[in-house]
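Take a look around it, and then we'll walk through it together.

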Amino acid sequence: MAVYTEVPQDEAAALLRELQLGELTALRGIHGGIENTNYFATTVLDGIETEHVLTVFERLGFEQLPYYLRLMKHLALKGIPVPEPAANAKGEILHRLQGKPAAVVNKLAGHSELRPSVVHCEAVGAMLARMHLAGQDFAMQQPNLRGLPWWNETVPVVLPYLNEEQAALIRSELAYQNHVAAQPAFKALPQGPVHADLFRDNVMFDGDRLCGFFDFYFAGNDSWLFDLAVTLNDWCIFHGDEAADGLHDERRAHAMLAAYQSVRPLTAAERQLLPAMLRAGALRFWLSRLWDWHLPREAAMLKPHDPGHFERVLHERVHQARALAESLRGASGVPA
Ligand SMILES: Nc1ncnc2c1ncn2[C@@H]1O[C@H](COP(=O)(O)OP(=O)(O)O)[C@@H](O)[C@H]1O
Ligand SMILES: N[C@@H](CCOP(=O)(O)O)C(=O)O
């Protein structure tokens, strides 16, 4: 269920006409997604049928949206396959439907690849690096609104719902992330606009061909390494019914990292900080899932995502980081 706001057919048709996209012939609510109201809209212009996605924003306000929509436009103009927001005659890409902010973008071909192969991970890694480079000259700035300040605010909110072991893990991870974020090397990491939620369900594939990235509504300015870590934490981890839920898949991770670096090699500081950033990415999504699970927005979600998955991912990332640190200490002659 993801139609919170019913958009009357005539109101949608008027907007699509204003955007010079043609005459509306079909409007269908989309039942995936959890954040916004989404419809597929079909229009006909000069005899040609085209598919669009009409979104009514339920959580984000008129102030935050220009950043996301302008970023998508910027990336699309640079050849990155992302949905391009449609503009009216005045060049405006943020519209209003039922008193709420709304946008219309082109519908990407393909479907989400929920069981990605090495080939899919390579394609995503390379495109992510291309997207980071293409965003370098994007002029607008907006922080990642789900970054460290939000983690610091949210941990006390979710703590009452955790058992002792979980509370200890979340507290110690938060302390670790605050410590890492204060380091000069961390502050100097390459930055730019990042997607920050590039999960498997936000990418379209047609077979092995990557058709596009979408759902930029958690984007913001942050380190590129954070974006890569979030992506690795979803695409290169075992999921759900697999016995190894939450564990790292070395083959897929290696493929994604190599493909990313074939476009933009990581700096020495990025390579060193990747284990810490994988932990940060796991903490970020464990927190948001705990929040959604225990404090759901009114009528907002039919099926919140499982927080336990990211608890397992965080355990895995902490374990890996310690093992790596110990092997490095061993290699340098310092006892582990
Ligand atoms: N530009 C697009 N092209 C094709 N499908 C899209 C596009 N945008 C959204 N969708 C479809 O709508 C669903 C919900 O979109 P999503 O952005 O994930 O919603 P939400 O932000 O509400 O969670 C997606 O899973 C996908 O099937
Ligand atoms: N990817 C996040 C939740 C964000 O939902 P989306 O449908 O907007 O991508 C998670 O899995 O926790």
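We'll start with the overall build and then turn to the ligands.

Keep in mind that this is a predicted model. The protein chain folds into ten helices and nine strands. How does its overall size fit its length? A compact globule of 336 residues would have a radius of gyration near 20 Å, and the protein chain comes out at 21 Å, so the two agree. If you follow the C-alpha trace along its principal axes, you'll find that it spans about 75 × 45 × 40 Å.

Now for the inside. Of the 336 residues in the protein chain, 36% are buried. Look too at contacts between residues at least 6 apart in sequence: 70% of these join residues at least 24 apart.

On to ligand 1. It is surrounded by 17 residues, and the closest are Gly32, Gly33, Glu35, Pro83 and Asp215. Sorted by class, this shell has nine nonpolar, four polar and four charged residues. Domain 1 (9–106) and domain 2 (118–331) each supply at least three residues to the shell around ligand 1.

What about ligand 2? Its shell includes Gly33, Ile34 and Glu35, along with Asp197, Phe199, Asp201 and Asn202. Asp215, Phe285, Ser288, Arg289 and His305 also surround ligand 2. By class, that makes three nonpolar, four polar and five charged residues. Where does ligand 2 lie relative to the domains? Domain 1 (9–106) and domain 2 (118–331) both give residues to its shell, so ligand 2 lies between them.

Technical notes. Residues are numbered from 1 along each chain as its sequence is written. Chains are lettered from A and ligands numbered from 1 in the order in which they are written. This is a predicted model: local features need pLDDT of at least 70, side-chain atom pairs count only at pLDDT 80 or more; totals for chains, interfaces and linings use all residues. A residue is near a molecule or strand if its C-beta atom, placed from the backbone, lies within 6 Å of it. Ala, Val, Leu, Ile, Met, Phe, Trp, Tyr, Cys and Pro count as nonpolar, Asp, Glu, Lys and Arg as charged, and the others, Gly among them, as polar. Domain bounds come from an automatic or database domain assignment. Helices (H or I, at least four residues) and strands (E, at least two) are DSSP runs, numbered from the N terminus. The radius of gyration is taken over C-alpha atoms; the globule rule is 2.2 Å times the number of residues to the power 0.38. A residue is buried if 20 or more other C-beta atoms lie within 10 Å of its own, exposed if 12 or fewer, and partly exposed in between; C-beta atoms are placed from the backbone. Two residues are in contact if their C-beta atoms, placed from the backbone, lie within 7 Å.
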